[in-house]
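Reader: I would like to learn how to read a few features of a protein model. Please take them one at a time.

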Amino acid sequence: MLTSGVLTSGPAFSTAHHPADGSPGLGRDSAATRTGNTFGPPNDQCEWEIRMSVAQDSAVAAGATTGSGDWVDGLFTNPVVAGFHPDPSVCRVGEDYFLACSSFEYFPGVPIFHSRDLVHWEQLGNALDRPSQLSLPPETPSSGGIYAPTLRHHDGRFWLIVTNVAPGGGNLVVTATDPAGPWSEPVRLAGIAGIDPDLAWDGEGRCWCTYAGVHQVRVDPDTGETFGSPKRLWSGAPGAQAPEAPHLYRIGGYWYLLIAEGGTERGHAVSVARAAAPDGPFEPCPANPILTHRGTNRPIQNTGHADLVQAADGSWWMVLLGVRPRGGTPGWHVLGRETFLAPIAWVDGWPVVGEVGPAMAAPPWPPQPVAEPPLRDDFDAERLHPRWISVRSRPAECWSTTDRPGWLTLHARGGSLDDPDVTFLGRRQQHLSCRVRALVDAGDGRGGLAVRLDERHHYEIEAGDGQVLVTARTGSLRSTVATRTPPAGPVRLRIDVVASPAESWHPREEPDLLRLGVEASDGTFDVLAELDGRYLSTEVAGGFTGRVIGMYAVAGTVRFDWFDYEPVEAGATPGSESAGETIVAP
Ligand code: 6LW
């Protein structure tokens with residue numbers, strides 16, 4: 001739960017409304033607002049105190065009980081879309097907001113969310129949910145595949161442009177009249193050789209595609225045709241790495257070009273330039289970067305890759321990616337890059353970003369919560385919830401909810417989670433602490449529960465051949481760390497992810513611990529292994545994704561009666577709240 005009274009948003013910050021003439025409003029306190037983001041608190045604290053306060057702030061966000069933002073007593077929690085949901089792109093149609101994120105090597109691709117208040121988001125579907133739209137052959141590396149979409153509404157249709165960084169991929173445009181789908185077959189833009197494409201239409205109906213570098217070319221998004229050669233636009237601060245994630249907007253009398261720079265790690269930043277025409281020449285904002293948390297003690301780091309949206313009431317907002325590093329130094333983030341929300345004010349015709357903190361002043365409209373999916377998926381419905389994702393593909397012959405009604409049946413393809421085509425069905429880990437359980441019938445095969453970062457970084461608890469075993473793969477090391485002989489019949493496998501408590505910070509502390517074991521019907525948790533979570537973090541594994549937790553089969557057929565995913569409040573021991581439950585240490 002959100003702790004009321006914890007407010008990191010600067011009270012002086014107000015979200016300036018867009019004036020009726022359509023030009024950006026002028027803020028009253030430009031000095032105060034401009035400094036809001038780019039400077040941390042005074043550096044008179046010692047390193048340990050700073051780290052402690054970072055950890056405590058993170059714990060506030062960790063307490064949110066949903067994967068979407070929480071909104072209590074005039075405050076909302078960031079992230080607004082938790083877990084591996086990077087590169088957010090947002091648009092508004094009337095009172096409705098829609099958001100798309102990257103999905104990399106997972107199928108289906110490009111999750112699409114809906115919100116009525118910018119804080120509570122519900123997943124409607126995935127834009128690329130058919131093999132004819134999304135091909136991720138086994139050669140597609142982890143963190144290849146689907147990068148950085150742009151989602152726009154234009155001329156009665158939703159337009160989504162995205163790059164598939166995979167053999168035979170490229171830049172693709174799909175459209176839909178209903179963002180829940182179906183989305184069209186993709187149109188390929190063969191003339192664009194870069195990632196992070198954006199689409200913007202000018203007053204004459206011409207469509208401009210701007211992409212990383214930063215480059216731009218006119219396109220026909222209906223046919224994929226490009227007109228002329230791409231032109232290099234403004235590329236941010238001289239010498240800054242990775243000018244990318246461009247978004248182009250006509251706001252008032254200017255064209256604004258918002259970009260990310262500095263790389264998607266701790267140096268990440270957002271900068272902006274403006275011009276009288278969509279193709280420049282662009283004049284950089286004197287206050288660039290307009291957002292960065294580099295070198296600060298903020299609990300949310302790597303802030304960048306942003307998109308702007310004007311709310312129905314005329315106020316302006318930014319969605320952006322950030323991470324929540326935990327543990328000692330250098331800090332490890334395990335959930336991937338998540339989607340955060342920040343207010344925008346306009347000062348002297350430039351956007352000024354408000355605080356990006358774990359608890360923020362809520363927008364000036366009533367909250368509109370969304371129905372949370374139940375904690376248990378019992379696989380009684382034939383269709384799967386759109387949050388379920390698989391590795392590279394999900395061939396129809398590998399899974400079923402009807403083979404044994406009420407159960408999810410998985411048929412093995414690859415021989416282990418090291419294989420690119422393993423049969424796996426998982427969901428993003430969205431909470432710093434959580435408990436995952438499943439009832440598994442491995443009478444005809446081998447499989448179980450896994451926490452996956454990529455092929456080279458995963459922990460799993462597996463049932464089959466009359467045994468249960470815990471395996472850890474970290475880099476080139478693979479080890480079976482524990483075995484048990486369970487009673488005959490279906491077995492309850494369980495993984496508890498326990499975030500390190502904020503109070504006990506020390507320089508080498510792990511971000512979290514993963515306890516893998518077997519649960520008896522009376523709730524007793526027999527922990528077979530307790531593993532350090534840092535090895536399933538982006539700082540160790542590399543790449544652009546985050547943890548995905550799910551079910552898999554590596555031999556024969558494995559069946560799952562249900563799968564529970566339960567967030568656990570910061571500081572609580574997963575499972576300890578269940579009456580009569582005992583945890584047996586390894
Ligand atoms: C994406 C780029 C980025 O294409 O990371 O953080 C890349 N920003 O814009 C992968 O998500």
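Reader: In what order do the 3 strands of the open sheet lie?

Author: Some ground rules come first. This is a predicted model, where local features need pLDDT of at least 70, side-chain atom pairs count only at pLDDT 80 or more, and totals for chains, interfaces and linings use all residues. Residues are numbered from 1 along each chain as its sequence is written, and side-chain values use heavy atoms, with hydrogens and water left out. Strands are DSSP runs (E, at least two residues), numbered from the N terminus, and two of them pair if DSSP finds at least two bridges between them. Here the order is 1-2-25, with antiparallel pairing.

Reader: Which strands are the edge strands?

Author: Strand 1 (71–72) and strand 25 (359–361), each of which pairs on one side only. Strand 2 (residues 75–77) and strand 25 are joined by 3 bridges; Thr 77 has Ala 359 of strand 25 as its bridge partner.

Reader: How many residues does the largest nonpolar core have?

Author: In soluble globular proteins, nonpolar side chains tend to be buried together. A nonpolar core is a set of buried Ala, Val, Leu, Ile, Met, Phe, Trp, Tyr and Cys residues joined through side-chain atoms within 4.5 Å; buried means under 20% relative accessible area with a 1.4 Å probe, protein chains only. The largest one has 38 residues, and Met 551 and Phe 560 are among those with the most contacts inside it. Strand 31 (434–454) and strand 38 (548–567) are among the strands that each supply at least two residues of this core. Another core, of 22 residues, lies apart from it and includes Cys 285 and Val 353.

Reader: What does Met 551 touch?

Author: Contact means heavy atoms within 4.5 Å. Leaving out residues up to four places away in sequence, Met 551 touches Trp 388, Leu 449 and Phe 563, among others.

Key: Buried < 20%, exposed > 50% of the residue type's maximum accessible area, 1.4 Å probe, protein only. Helix = DSSP H or I, 4+ residues; strand = E, 2+ residues; numbered from the N terminus.
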